[in-house]
Amino acid sequence: MLTPSEFEEWCRELQLSPAAREMIAAIRRSRPVRRVTSRAKNVSGAYPSRKMGVTIQFESHTVELWAIYLMEHDPEVLEFYEQPQTFKLLYQAKSGTKMLGHYYTPDFLVLRKQSVGFEEWKTEDELHRQAEKQPFRYYRMDDGTWHCPPGEEYAQLHGLSFRVCSSASLSRTYIENLIFLEDYIGFMPTVPHQVQARLVERVQETPGIPLAAVVGDDAGIRAND
């Protein structure tokens, strides 16, 4: 996490307004505004974040938890806060004849090296369903990216961004590799150069070779290597 002086320097580099600084600072020193819950179609839980030094709650053990894994190990992400703030979204009903409004809490506030903003993570299927029911709240661009105009409008008023993130952007293989290697990330053991070279050689010879087939061979390769 950023120290107070690092936070001030980061705010200056991004040229954040005093109001934006105070909003972010308030979120940084506060607890999540709501507790997540498990329902019929989701499994909630908590992830022990080394980056944040606290447990981060999630409402989905796939989409939100996988997003947490990405942020936890992304060097561009400085800090991230779950359930950071509640605000009102205003948008037209599907009929276009009246305005709808309700209070909403984004999944995360994410501080990156070059940006800061709210993020909402949903499955691609759920976004399509929501866009059908509420086309003025969610819509999909031709390039596959999703937008939430009322969320973006609120964030822009405060000098922040608002991203709608789809499960389609998550790679199961990449996430599973992060989970598998998590104990080593940030505490990488030293692997002798000759062992590294032999491992690369074995994998190139037989892509997909089982770990058991390379551990303990004549090259002295260990499971941790």
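Predicted model: local features only at pLDDT ≥ 70, side-chain atom pairs only at ≥ 80, totals over all residues.
Colleague: Which residues have the most contacts inside the largest nonpolar core?

Modeller: Phe80 is one of them, with Trp10, Phe108, Val116 and Phe118. That core has 51 residues. (A core joins buried Ala, Val, Leu, Ile, Met, Phe, Trp, Tyr and Cys through side-chain atoms within 4.5 Å; buried is under 20% relative accessible area, exposed over 50%, partly exposed in between, with a 1.4 Å probe and protein chains only.)

Colleague: Where does the largest share of this core come from?

Modeller: Helix 3, with 7 residues. (Helices, H or I of at least four residues, and strands, E of at least two, are DSSP runs numbered from the N terminus.)

Colleague: What does the second core include?

Modeller: Val195, Leu199, Ile209 and Val214 are among its residues. It has 6 residues and is separate.

Colleague: Back to Trp10. Which residues of helix 1 are buried?

Modeller: In helix 1, residues 4–14, Trp10 is buried along with Phe7, Cys11 and Leu14. They lie on the same side of the helix, because they cover an arc of only 100° around its axis. (The arc uses directions from the axis to the C-beta atoms.)

Colleague: What sits on the other side of helix 1?

Modeller: Ser5 and Glu13, both exposed.

Colleague: And what covers the buried residues of helix 1?

Modeller: The cover includes helix 2 (18–28), strand 3 (77–82), strand 6 (108–112) and strand 7.

Colleague: New topic. Which residue just after helix 1 takes a positive phi?

Modeller: Gln15, at about 55°. Gln15 is in the loop between helix 1 and helix 2. Most residues other than glycine have a negative phi.

Colleague: Is Gln15 buried or exposed?

Modeller: Exposed, because Gln15 has a relative accessible area of 70%.

Colleague: Where is Gln83, and is it buried or exposed?

Modeller: Gln83 sits in the loop between strand 3 and strand 4 (87–92). Gln83 counts as buried because its relative accessibility is 1%.

Colleague: Where does Ser115 lie?

Modeller: In the loop between strand 6 and strand 7. Ser115 counts as partly exposed because its relative accessibility is 33%.

Colleague: What is Ser115 in contact with, leaving aside neighbours within four places?

Modeller: Trp10, Leu14 and Val110. Trp10 and Leu14 are buried residues of helix 1.

Colleague: How many residues apart in sequence are Ser115 and Asp142?

Modeller: They are 27 residues apart. In space, Ser115 and Asp142 are 24 Å apart, C-alpha to C-alpha.

Key. Residues numbered from 1 in each chain as written. Heavy atoms only, no water. Contact = heavy atoms within 4.5 Å.
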